[in-house]
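I opened the structure today to look at one helix and its surroundings. My notes follow the order in which I looked things up.

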Amino acid sequence: MSLKVSLLLDGQLAPGEVKAALDETAADARLRDRYTIYGLVGDALRGNSTPDDGFSARIFERLRREGATIEKGFDPLKG
């Protein structure tokens with residue numbers, strides 16, 4: 001289903017597949033998370049700025065708690 005989420009975001013699903021993909025995504029929290037992440041990645045790759053509700057900061061905080069090394073001075077809200 002991850003591929004369908006990606007195709008949905010890229011506008012590459014056949015019209016008859018869009019509703020099914022949206023319904024599956026709406027019913028599955030993991031797919032909703034994937035949809036959000038894929039959408040953010042796509043926006044970043046296209047150079048689109050997106051409003052941040054703190055998602056990036058929460059991810060980086062979790063990475064720090066897990067022991068990940070984050071580049072010194074890197075601010076996820078500034079890029």
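Entry 1: I am working from a predicted model. I looked up helix α3, which runs over residues 29-46 and has 18 residues. From first C-alpha to last, α3 reaches 26 Å. That is close to the 26 Å expected at 1.5 Å a residue.

**Entry 2: the ends.** D28 caps the N-terminal end. A side-chain oxygen of D28 lies 2.9 Å from the backbone nitrogen of R30. Then I went to the other end. Just after α3, G47 has a positive phi of about 80 degrees.

Entry 3: Which residues of α3 are buried? I found L31, G39 and G42. They lie on the same side of α3, because they cover an arc of only 80 degrees around the axis. I then turned to the face pointing away from the buried side. That face carries the exposed residues R30 and A44.

**Entry 4: partners.** What do the buried residues of α3 pack against? I noted α1 (2-9) and α2 (15-27).

**Entry 5: α2 against α3.** I looked up the geometry of this pair. The two helices pack at an angle of about 110 degrees, and their axes are 5 Å apart. The angle falls within 65 to 115 degrees, so α2 is roughly perpendicular to α3. I listed the contact residues next. α2 brings E24, T25, A26 and A27. α3 brings A29, L31, R32 and Y35.

Conventions: Residues are numbered from 1 along each chain as its sequence is written. This is a predicted model: local features need pLDDT of at least 70, side-chain atom pairs count only at pLDDT 80 or more; totals for chains, interfaces and linings use all residues. Side-chain values use heavy atoms; hydrogens and water are left out. Helices (H or I, at least four residues) and strands (E, at least two) are DSSP runs, numbered from the N terminus. The expected span of a helix is 1.5 Å times one less than its number of residues. Buried means under 20% relative accessible area, exposed over 50%, partly exposed in between (1.4 Å probe, protein chains only). The arc is that of the directions from the helix axis to the C-beta atoms. Contact means heavy atoms within 4.5 Å. A polar contact is a pair of N or O atoms within 3.5 Å; within protein, one must be able to donate a hydrogen and the other to accept it, and residues adjacent in sequence count only if both atoms are side-chain atoms. Axes are lines fitted to C-alpha atoms, for helices over the stretch in contact, and angles run from 0 to 180 degrees between N-to-C directions. Angles under 35 degrees count as roughly parallel, over 145 as roughly antiparallel, 65 to 115 as roughly perpendicular and the rest as oblique.
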